[in-house]
Each structure stands twice: as structure tokens, then as C-alpha cells.
Amino acid sequence: MIQKLSALVLLATVLSSAAFAHDFWLQPSAFDPAVGERVDVQLVVGEHFVGDFVGRNADRIVAFTVHDARGVEAQILGIGGRAPAGIWRAEKPGLHVIGYRSTGTEIELDAAKFEAYLVSEGLESVVAERKSRGESAAKGRESYARCAKSFVVAPGEVALTEAQWSGWDRVLGYPLEIVPEVNPCRLNADEVLPVRVLFQGRPLANALVGCMPRSDPPREVRLRTDADGRVRLRPALGGVHLVRVVHMTRAAAGATHDWESQWASLTFALPQR
């Protein structure tokens, strides 16, 4: 009974924290679908791979597309107001890059919550700037936007060719973007996963990047990018992973908010180890 109560308390804590979390990722129903198989592409808000599905909202979508290994782009379709936000089928074998970008949404947090959130996401530079402006006790007025990607590999009847494996390093041109420098879907055990973070197309230094396995979220690794926007991650497990990063800048004069943040994520399935 004590063990059951402990489990219920833990679950309640996770669900409660997910309700206030900012993490956002794409969660396809299969990372290795057969050609022609329906794939539900869920938009998820939460943390530790626990969260809520977000219904499709055309007013929030800047881009919701998929690129095949040749670079051919197609729109991800769906039904307004419903989850899954996207429905897609792979027409050919190979690696596909699904991308989603949203418009900005304004929020306001009291000073203590805003400062704690900044520290938790590695945004100490914003804390320092607020202090230098005498704003540490002021509410945090922010506009946030999402930049999410996911890799899905549709196997063929025979082994995929190198051409069919291509596209993992494709840059979609989002304001904040995570670009791997090796194909994570083919990463061998104990190999390093180097990724590069781009902000407005340029390398972003000192950004805190997390790499979380779905099978064991507490084993997330968090490291900062170097001067070239690069970070070397070493996933300990196989299976589905989430790589995530946040960047915040001061809003332009006259805006109805003080800060603008971009939240980038990348989901993929590593080979099992």
C-alpha cells in the first residue's frame, strides 16, 4: 500500500509539473513506419516525456511540413481543433524530417517564477540583464514560439541506400534550430552525437542543450554549446530521445512584452543498445 501511494504521489507530481512545463516536442506514433502506414504527429507540451497533446490550430502554425531524403517538401495536414495535429504517410522508404514552427504567444509570470524559470533553462544572461536594468522584481512579460523537428525512418523491403538515409543535416531555416552533425538514427553504441545550435542561421554559443532518453528521463544530459554553437552529447541508451534548447532575447522597443524566446527540440530514435 505504501508503495502504491508513493507511486500515485510521484505520478501526481509529474503530471502537475507537466501542466506548468514549457517543453514542446513532436511525437510521431511510429519512428519507423512502413511505407503507406498512417502516422499521427502529436504536438506535445510537458516535461520528462509526460505531457498533453495539443490540438491543431491553424492560427498558430507558421510551418508544418515534412521533407523526404531528396529534400522534397510536403505539408502535414490535419483537422482543426483536434489531436493529432498532423496526419502523414511516407510515400517512399527513407529518412524524413518533420518540422513544426509556431507563432509567438504572450505570457506573464510573477518575478519569482520568471527568475526561477530562467535559471532552470540556463538563461542566466537574462537574469543578469534584468538585474542591470533594475527589473529583477518586475513581472516577466514574454512571447514564446516553438521550433520542433522529428526524424522518421520508413524502412524498405531491402536495406536503405545512402541516398535514402540523407537529409538528417537539413536546415529548415527556423529562428532556433538543432542540427545534428552525424545521423542519430544510425548512431552506434558509445558514439558521440555532436549537434549544432543555430539562432537566425548563425551559431549560438553558451546555449544549454539537453538530451533526454524516453526510457529513462532522469538520465538527461545537459551541456552548453561552444563558441561555434556545437555540443558533443553522448546518449547512454538507445530508443527515442529528445534534444532541446531555449534562447531568449530582449523584445524590440514598443512591443507589448519585454522578452522573446524560441524553444527548439528534436526527437528521433537511436538504434537499440
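Contact means heavy atoms within 4.5 Å. This is a predicted model, in which local features need pLDDT of at least 70, side-chain atom pairs count only at pLDDT 80 or more, and totals for chains, interfaces and linings use all residues. Residues are numbered from 1 along each chain as its sequence is written, and side-chain values use heavy atoms, with hydrogens and water left out.

**View 1. The largest nonpolar core.** A nonpolar core is a set of buried Ala, Val, Leu, Ile, Met, Phe, Trp, Tyr and Cys residues joined through side-chain atoms within 4.5 Å. Buried means under 20% relative accessible area, exposed over 50%, and partly exposed in between (1.4 Å probe, protein chains only). The largest core has 31 residues; Leu233, Val243, Val245 and Phe268 touch the most other members. Strands that each supply at least two of its residues include β7 (94-102), β9 (140-154), β16 (239-250) and β17 (259-270). Helices (H or I, at least four residues) and strands (E, at least two) are DSSP runs, numbered from the N terminus. A second, separate core holds 17 residues, among them Phe24, Val39, Ile61 and Phe64.

**View 2. Helices α2 and α3.** The axes of α2 (residues 111-120) and α3 (residues 124-132) come within 7 Å and cross at roughly 140°. Axes are lines fitted to C-alpha atoms, for helices over the stretch in contact, and angles run from 0 to 180 degrees between N-to-C directions. The helices are therefore oblique (under 35 degrees is roughly parallel, over 145 roughly antiparallel, 65 to 115 roughly perpendicular, the rest oblique). Helix α2 contributes Ala111, Phe114, Glu115, Leu118 and Val119 to the contact, and α3 contributes Glu124, Val126, Val127 and Arg130.

**View 3. The β2-β3 loop.** Histidine 48 lies in the loop between β2 (38-47) and β3 (50-54). Its phi is near 55°, positive in a residue other than glycine. Phenylalanine 49 lies in the loop between β2 and β3, with a positive phi near 65°. Histidine 48 is partly exposed at 39% relative accessibility; phenylalanine 49 is buried at 13%.

**View 4. A cis peptide bond.** Alanine 83 and proline 84 are joined by a cis peptide bond, with omega about 5°. Proline 84 sits in the loop between β5 (73-75) and β6 (86-89).

**View 5. Arginine 202.** This residue lies in strand β12 (residues 202-203). Arginine 202 is exposed, because its relative accessibility is 62%.
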